[in-house]
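Trainee: Before I use these labels, I would like to see how each one is reached. Please take me through them.

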Amino acid sequence: EFLRFARPATLRVEPNDLNEIARSVAALVENQAASQSVVVEKDLPEKLPKVSTDGDQIKQILLNLTIN
């Protein structure tokens, strides 16, 4: 696992639906949050255009923000 942080990741830039990424991160943390009496609320705008980005990195960023 340390090696993953030691070397830069290869970017996979492609059109991504940010709402879908946010929903997938929310789904990952909802059970843990509920066990601590925390409700995960999602207020996502409709019809966002896709954004050219690395979806995995955005997912990791959102997961880090959510957990911390």
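Mentor: What follows sets computed values against their definitions.

Mentor: This is a predicted model, in which local features need pLDDT of at least 70 and side-chain atom pairs count only at pLDDT 80 or more, while totals for chains, interfaces and linings use all residues. Residues are numbered from 1 along each chain as its sequence is written, and side-chain values use heavy atoms, with hydrogens and water left out.

Trainee: Why is threonine 53 called buried?

Mentor: Buried means under 20% relative accessible area, exposed means over 50%, and partly exposed is in between, with a 1.4 Å probe and protein chains only. Threonine 53 has a relative accessible area of 16%, so it is buried.

Trainee: Where does threonine 53 lie, and which residues does it touch?

Mentor: Threonine 53 is in strand E2, residues 51–54. Helices (H or I, at least four residues) and strands (E, at least two) are DSSP runs, numbered from the N terminus. Contact means heavy atoms within 4.5 Å. Not counting residues up to four places away in sequence, threonine 53 touches Arg12, Val13, Glu14, Asn16 and Ile58.

Trainee: What makes serine 52 exposed?

Mentor: The relative accessible area of serine 52 is 56%, so it counts as exposed. Serine 52 also lies in strand E2. Leaving out residues up to four places away in sequence, it touches Val13, Glu14 and Pro15. The C-alpha atoms of serine 52 and arginine 12 are separated by 9.4 Å.

Trainee: How do you know that aspartate 56 and arginine 12 form a salt bridge?

Mentor: A salt bridge is a side-chain nitrogen of Lys or Arg within 4 Å of a carboxyl oxygen of Asp or Glu. For aspartate 56 and arginine 12 the closest N and O atoms are 2.8 Å apart, and the pair is a salt bridge. Aspartate 56 lies in helix H3 (residues 55–67) and arginine 12 in the loop between helix H1 (2–6) and strand E1 (13–16), so the pair ties together parts that are 44 residues apart in sequence. Aspartate 56, at 41% relative accessibility, counts as partly exposed, and arginine 12 is partly exposed at 47%.

Trainee: How many salt bridges does a search of the whole structure find?

Mentor: The search finds three. One of them joins lysine 42 and glutamate 30, with the closest N and O atoms 2.9 Å apart. Lysine 42 lies in the loop between H2 and E2 and glutamate 30 in helix H2, so this pair ties together parts that are twelve residues apart in sequence. Another joins glutamate 20 and arginine 23, where the closest N and O atoms are 3.7 Å apart. Glutamate 20 and arginine 23 both lie in helix H2, three residues apart, about one turn of the helix.

Trainee: What makes aspartate 54 a residue without a salt bridge?

Mentor: Lys and Arg count as positive and Asp and Glu as negative; His and the chain ends are not counted. The nearest side chain of opposite charge to aspartate 54 is arginine 12, at 5.5 Å, and aspartate 54 is buried yet has no salt bridge.

Trainee: What does the side chain of aspartate 54 reach?

Mentor: It reaches the backbone nitrogen of aspartate 56 at 3.0 Å. A polar contact is a pair of N or O atoms within 3.5 Å; within protein, one must be able to donate a hydrogen and the other to accept it, and residues adjacent in sequence count only if both atoms are side-chain atoms. Aspartate 54 is in strand E2, and its contacts beyond four places in sequence are Thr10, Leu11, Arg12, Val13 and Asn16.
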